Amino acid sequence: MSLVPRSLLAIGALLLLHACYSAHEHASLSTSLSTTSSLLPASITPSSQAVSSSSLPLDISLETLASVLLICVGLVLGAEELRPISWRVWASRVQGGKGQPGEGFEWLEAGKRKGFLDIRGQREEFANWVRGQDES
């Protein structure tokens with residue numbers, strides 16, 4: 001992984017950590033404000049605008065989205081090259097890019113696999129041998 005994806009991952013992780021901390025602080029402050037406002041007399045109670053709502057502020061939400069986006073971009077840029085799905089492309093890469101894709105592997109597609117038992121060929125040889133025995 002090169003420097004750019006690693007730095008994007010590090011910045012994204014730091015931003016996400018900061019967003020989580022900010023969300024935790026916002027939640028703890030909103031609960032502490034609501035408990036202290038219930039203890040105060042009605043004449044001193046802060047207005048409804050001073051007490052924050054239960055939803056997260058926009059800057060924390062945007063910071064979270066930006067950090068997740070940075071992490072995703074860093075992961076995509078740092079990922080290895082995808083392997084080919086097509087067998088012919090893979091065979092060409094295995095050969096070192098010599099010739100056409102799949103060249104040199106025709107014996108696999110033609111059924112002439114080395115090291116495999118050729119039942120049909122042996123059956124035909126046996127049938128010819130039996131016919132030769134019957135004729136003599």
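1. Overall fold. From the N terminus on, the elements of the protein chain run α-α-α-α-α. In numbers, that gives 5 helices and 0 strands.

2. Confidence. Please keep in mind that this is a predicted model. The protein chain has a mean pLDDT of 79, with 68% of its residues at 70 or more. Confidence is highest in helix H2 (residues 58–78), at a mean of 96, and lowest in helix H4 (residues 106–109), at 58. Over residues 48–52 the pLDDT is below 50, and this stretch has 4 contacts in the model beyond near neighbours in sequence.

3. Burial and surface. How many of the 136 residues of the protein chain count as buried? The share is 12%. The chain exposes about 11,100 Å², and carbon and sulfur atoms supply 63% of that area.

4. Contacts along the sequence. Take the contacts in the protein chain between residues at least 6 apart in sequence: 60% of them join residues at least 24 apart.

5. Serine 22 and proline 57. Serine 22 is placed in helix H1, while proline 57 sits in the loop between helix H1 (3–39) and H2. The two are 35 residues apart in sequence, and their C-alpha atoms are 9.7 Å apart in space. Is serine 22 buried or exposed? Serine 22 counts as buried because its relative accessibility is 17%, under the 20% cut-off. Proline 57, by contrast, has 28% relative accessibility and so counts as partly exposed. Setting aside neighbours within four places in sequence, serine 22 is in contact with Ile60 and Glu63.

6. Alanine 10 counts as partly exposed, because its relative accessibility is 40%.

7. Alanine 27 and leucine 56. Helix H1 holds alanine 27 as well. Between the C-alpha atoms of alanine 27 and leucine 56 the separation is 8.3 Å, for residues 29 apart along the chain. With 37% relative accessibility, alanine 27 is therefore classed as partly exposed.

8. The nonpolar patch. Which residues make the nonpolar surface patch of about 360 Å²? They are Val4, Leu69, Val73 and Leu77. H2 gives the most to this patch, with 3 residues, and valine 4 lies in helix H1.

9. Cysteines. The count of disulfides comes to 0. Cysteine 20 has 49% relative accessibility, so it counts as partly exposed. Cysteine 72 is partly exposed too, because its relative accessibility is 42%.

10. A reminder on reading the model.

Methods
Residues numbered from 1 in each chain as written. Predicted model: local features only at pLDDT ≥ 70, side-chain atom pairs only at ≥ 80, totals over all residues. Heavy atoms only, no water. pLDDT = per-residue confidence, 0-100. Helix = DSSP H or I, 4+ residues; strand = E, 2+ residues; numbered from the N terminus. Contact = heavy atoms within 4.5 Å. Buried < 20%, exposed > 50% of the residue type's maximum accessible area, 1.4 Å probe, protein only. Areas by Shrake-Rupley, 256 points an atom, 1.4 Å probe, with all protein chains shown as cover. Disulfide = S-S within 2.5 Å. Patch = residues over 30% accessible without salt bridge, like charges linked within 9 Å, V, L, I, M, F, W, Y side chains within 5 Å. Salt bridge = Lys/Arg side-chain N within 4 Å of Asp/Glu carboxyl O.
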